[in-house]
Amino acid sequence: MARHKGKGWHGRLLAAGLGVTVLAAATSVWTAQADPAGARKPQARVSAPVVKVAADIAHASDRGARGVNITIDDGPDPVWTPQVLQLLEDNGVKATFCMVGTQAKAYPDLVKKVVAAGHRLCDHTVEHDTTMDTRSEAFQSQQILDAERMITEASGGVRPQYYRAPGGAFTPYSRKLAASRGMRPLGWNVDSKDFELPGADTMVATVKREISNGPTVLFHDAGGDRSQTVAALREVLPWLKEQGYSFGFPVR
């Protein structure tokens, strides 16, 4: 997402009861936690090993020179995510969903639907703070690792494969941390600017004009009224196929 909302709209959604804690970067499973009565409750446990990936920001597609990566940010959202999923299915497109931790925690059924449809998950931090590159390493760790946990738990055990900093606010530290957790830092080449609500026709024109810049296209399924995004995708996806592009995922 382009840097345009200060701390980010998701900051207002955080509840005091979340109890978000800083996690160590090397942690690969979550251990038991005592409840107030003293009982031990097992937390989500992921059996698949974490495989470190490259820490540089990915822009390319695994489908090569004529590949396109559709990326969808800030959800899931109960109104717009199902509509986006239906459009992707109708057009035979797989996408990468960059999810905010609080949204994933609130709508786990939607996270599972995204995974079941064959799309990939991306960590977009806990609260979408676009000033991540000015914050302490401890804060960056908390935002990235707690979001990873929330998304993984909501999905039923499927880890995010990418990390996208809100507003592109990457730091060398955050990139290395994400990569150590098997999440490739993910950029974009084409920004539809749908968060500005410029109209579906303008979004479509932007994608058509800028797709030659690179394959990774940025849209949103949350953060406000996304009816224009849905309308733009309805036109853009068939157009890209008509131009000979194929849809893939960002390289890892």
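A residue is called buried when its relative accessible area is under 20%, exposed when over 50%, and partly exposed in between, with a 1.4 Å probe and protein chains only. The model is predicted, so local features need pLDDT of at least 70 and side-chain atom pairs pLDDT 80 or more, whereas totals for chains, interfaces and linings use all residues. Residues are numbered from 1 along each chain as its sequence is written, and side-chain values use heavy atoms, without hydrogens and water.

Tyr163 counts as buried because its relative accessibility is 0%. Phe170, at 14%, also counts as buried. Buried residues make up 51% of the 252 residues in the protein.

A nonpolar core is a set of buried Ala, Val, Leu, Ile, Met, Phe, Trp, Tyr and Cys residues joined through side-chain atoms within 4.5 Å. The largest has 35 residues, and Val68, Ile70, Phe97, Ile211, Val217 and Leu240 have the most contacts inside it. A second, separate core of 11 residues includes Met132, Phe139, Ala165 and Phe170.

The structure holds 1 aromatic pair. Rings of Phe, Tyr and Trp (its six-membered ring) pair if their centres lie within 6.5 Å; planes under 30 degrees apart count as stacked, over 60 as edge-to-face and the rest as tilted. The Tyr163 and Phe170 planes stand at 90 degrees with ring centres 5.7 Å apart, so this pair is edge-to-face.

A charge sits over a ring if NZ of Lys or CZ of Arg is within 6 Å of the ring centre and within 35 degrees of the ring normal.

| Charged residue | Ring | Distance from ring centre |
|---|---|---|
| Arg66 | Tyr245 | 4.0 Å |
| Arg252 | Tyr162 | 5.9 Å |
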